[in-house]
Amino acid sequence: MPLFGREAELKALAELIDDPGGGSGVLIRGEAGIGKSALVAAAVSAAATAGLRVLTTTGVEAEQHLAYAGLHQLLYPVRAGVDALPVPQRDALRGALGLAEAAEPSAYLVGLATLTLLAEAAAVRPLLVVAEDVHWLDRASADVLAFVARRIESEPVVMVATLREGEGERAHVQDAGLSPMPVDRLSDEVATEFLDSIAPGLTPAVRVRLLEEAAGNPLALTELPAALGHHDGLAPSPGGPGPVLPLSERLERAFTARVAALPATARTALLVAALNQSDSVAETLAATGLILGSTAEPEILAPAADVRLIELAIGTVTFRHPLMRSAIAAAATLAERRQAHLALAGTLHEQPDRRAWHRAAATAGADEGVAAELDRAADRARHRGGVAAAIAALEQAARLSEGQDRKAHRLLSAAELAVESGSRATAERLVRDAQALELSPRRRATAAWLLSGFEDGVREDVSRVSELAELAASVAADGEVEPAVRILWGAAMRCFWSEPGPAARRSLLGVADRLPVPADDPRMVAVAAYVAPFERGGIALDLLRELAGVAGAAPETDRYLGSAALQVGAFDLAARFSAAAAPGLRAQGRLGLLPRALAVQAWSRARLGDLTTAVPVAAEAAKLAQETGQPFMYGLATAVQAEIAALRGDHGLAGTLADEAERVALPAGARPVLATVQLARGLAAMSEERFDDAFAALSRILDPADPAYQLALRAYCLAELTEAAVRAGRTATMRDILHGLEPLAASTPSPALHIGLRYARAVLAPNEEAEKLFTAALRADLAGWPAERGRLHLAFGEWLRRQRRAAESRTHLRTARQTFDALGMAAWGERARRELRSAGESSPNRDPDAREKLTPHELNIAQLAAEGLTNREIGHRLYLSHRTVGTHLHRIFPKLGVSSRADLAWMLKTLEERSSR
């Protein structure tokens, strides 16, 4: 198809291909027939001229339920490089492509393997990666392409993808950072020039009608003249009688008109090719031969090629446009389609998945044999990591099931997979379909709690917590302990994100206590911590300390324990468990769980004052949560970033990040996010000496009527709240708050609560008691809590100076200044300097930490490099190609003034030692 009127698009594509070194790509989108394929062909031609290697894949509607079919097509030319991949990546990719038996591969490991493979190929020769009709790619392949598109930062790789307008919800690539290239219809002037170039002999009347019918669509301008046969054979004008058909339907009619003129045998072969999930001529001819009862030769397809419906090559048959394929199938009778599907199934003995789908397409009523074949296809798809293909197979199997219980089982199994993969709309539809059946009590229970896996129930009514408690008890009474534990965990999570009230919490605890599950089961420890962080805090802490010795053995267990530790105020243990969980979750490619562990680690590290660790962890948590569709985890990680910015004195950034986190969390009332937002705003206000504003922001966390109230977290910012209260002249109010929290101290040994209470008691005490309380607070075990120790030294030093004990105050103020400088808590360090000057001692200005010159992403890479990891190992850890890691290190070295990894390691070690003093 000539590319009239596409000069701007062609220029943009040429510029990308001329300079493929920066890792980039475009998403060409437009309606059917608008010329997307012609632009791709031009890009491929330009790439060949520029010396780029081209890898292509094309989505086919018939293949969208075959897991990784599109990826297999894309990577086939570079398959030799698979064996050289790191072992976890190699095994994941081989398993996904069906090249080896392997445990269920993570989609993210498959994505990382694909990225590595493409990066290695691009190092030899720059690449153009083409993905046409991504809306028809199987979901697994589309997800991998989106993963790669987000990460081709520094690779000599250009990605060009095409998407049909109106199909965006089915194509994740559209959210992967590719530059949009919308392609519109041709202007009247260009359309006229285009039509004259391909059909110069038209009569004026026909020419006008064709331009009117095509309305600037290049495919219509190309194909409608060929469909006329005679120039006076047009249908009535759109202004005349009868409905006006959509353009795609008019084109389909034009295509089917060509089919009608073909010999019967050619029509049969063409229908088989249209319904086949492959472009194999051999398969098409074998199935056609079964229908005709004799051997079919390639010449049978020649008439279809002559009228430009298909293109024949050695061993392959391809349709010139996807609309041609769908038009041929739609025009056939039900009996003809069924016959073709059965014939294809009869030739695919060595391909059981495709055989099952063809048999299913040929089956109108219930058939348990075919349903069982689809069950097995779903198992194979799931085993390869093709969750979307498994869901589709199970749903189709449900349609063919004999008996309502079997149908319900398959629908609910599919729904559970949809929940695990984050496909909410699909899961809701499948659960509704199941609930419309006559369900057994067990199936009813499953249907009732399945959807609770989305967003931890944040958007659900809090009454669901009590319902889930009853459901868990009912399921456990039926002997289904594991499902009961899962339901209980889902309910416990709601006690973190929302506030169901004491009655619901007591109900959950009662169910938990009756379950025949050991008390030290990590899930039960976490349930108790989420539901009753103070009442069960002592028991939880004892178990957490016992289990700390085996941290790192099981990543999901560590994740549960990290979450539990945060709830009971053991931030040091929370940071330890969540940090231990992260490597295993990375290695397993569990990017859905990884941002949860990272968010807990970042939240805890920020509270402990370890900003250097918290900065890159929070940034990665936010990025991965956004990528994996977890808005409230993204909000929590963003709020932590706001807290860090406030502690560093970057007030503008703190405000921007707090606003963003609040935007995500406020409509759904995600309490931990809103609490952390108020903490960040309070810290920023304090560092700017707006103490009334600071007290107002922080006190919201303790107000049960406020959406920022969170049962556990309200007790973990007492030091900041007390400081703001004293400086805002609200000591009486603060004493009342403290009096209300004192009973909690009697019920739990929570480290964060007791550290905060010791600080508050000392600061609020009358002068005759203060010194004793400050001394006791400093003698407590504050190992691993440097920020709290710094606050105590600062407050004690300030008190001593007010008592005219300047010489004694300087020791504490100097320690506070050194602590805050090492931690990067700029506003607090400056406060300590001012107090020291008032006490008669000057202080040097703080030199910025070299690490502060790096972005969070760069800091993460620098820290891993300093630990001795190679570029490949860092790439595997952070889901980047090793070449991208190398590019980042080349930027990091001059920023830090180092020239080698050894220098980098020495510098970061020195800074770390300084921070920990």
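Helix α29 (residues 594-608) packs on helix α31 (residues 631-648) at an angle of about 25 degrees, and their axes lie 10 Å apart. That angle makes α29 roughly parallel to α31, a label for angles under 35 degrees, with over 145 counted as roughly antiparallel, 65 to 115 as roughly perpendicular and the rest as oblique. The model is predicted, so local features need pLDDT of at least 70 and side-chain atom pairs count only at pLDDT 80 or more, whereas totals for chains, interfaces and linings use all residues. Residues are numbered from 1 along each chain as its sequence is written, and side-chain values use heavy atoms, with hydrogens and water left out.

**Helix pair α29 and α31**

- Helices here are DSSP runs (H or I, at least four residues) numbered from the N terminus; axes are lines fitted to C-alpha atoms over the stretch in contact, with angles from 0 to 180 degrees between N-to-C directions.
- The crossing of α29 over α31 is left-handed, meaning that the near helix is turned anticlockwise from the far one by less than a right angle; clockwise would be right-handed.
- P595, R596, A599, A602, W603, A606 and R607 of α29 are in contact (heavy atoms within 4.5 Å) with M633, L636, V640, E643, I644 and L647 of α31.
- By class, this contact of α29 with α31 holds 10 nonpolar, no polar and three charged residues; Ala, Val, Leu, Ile, Met, Phe, Trp, Tyr, Cys and Pro count as nonpolar, Asp, Glu, Lys and Arg as charged, and the others, Gly among them, as polar.

**Helix pair α16 and α17**

- The axes of helix α16 (residues 352-361) and α17 come within 9 Å and cross at roughly 140 degrees; the two helices are therefore oblique to each other.
- α16 passes α17 in a left-handed crossing.
- On the α16 side, P352, D353, R355, A356, W357, R359 and A360 meet V370, E373, L374, A377 and R380 of α17.
- The contact of α16 with α17 comprises seven nonpolar, no polar and five charged residues.

**Helix α19**

- The 17 residues of α19 (residues 404-420) should span 24 Å at 1.5 Å a residue, and the end C-alpha atoms are 24 Å apart, which agrees; the expected span is 1.5 Å times one less than the number of residues.
- Buried residues (under 20% relative accessible area, with exposed over 50% and partly exposed in between, for a 1.4 Å probe and protein chains only) in α19 are A408, R410, L411, L412, A414, A415, L417, A418 and V419.
- The cover over these buried residues includes α17 (368-383), α18 (387-399), α20 (424-435) and α21 (441-450).

**Helix α37**

- Because 11 of its 14 residues are buried, α37 is largely enclosed by the rest of the structure.
- Among the buried residues of α37 are H754, G756 and Y759.
- Its buried residues pack against α26 (537-547), α28 (571-587), α35 (718-727), α36 (731-747), α38 (767-779) and α39 (786-802).

**Individual residues**

- R337, in helix α15 (residues 334-347), is partly exposed, with a relative accessible area of 25%.
- Beyond its neighbours within four places in sequence, R337 is in contact with L271, L275, A329, A330 and A332.
- The C-alpha atoms of R337 and T268 are separated by 9.7 Å, although the two residues lie 69 residues apart along the chain.
- T884 is located in helix α44 (residues 882-896) and counts as buried at 0% relative accessibility.
- Leaving aside neighbours within four places in sequence, T884 is in contact with R151, E153, S154 and E155.
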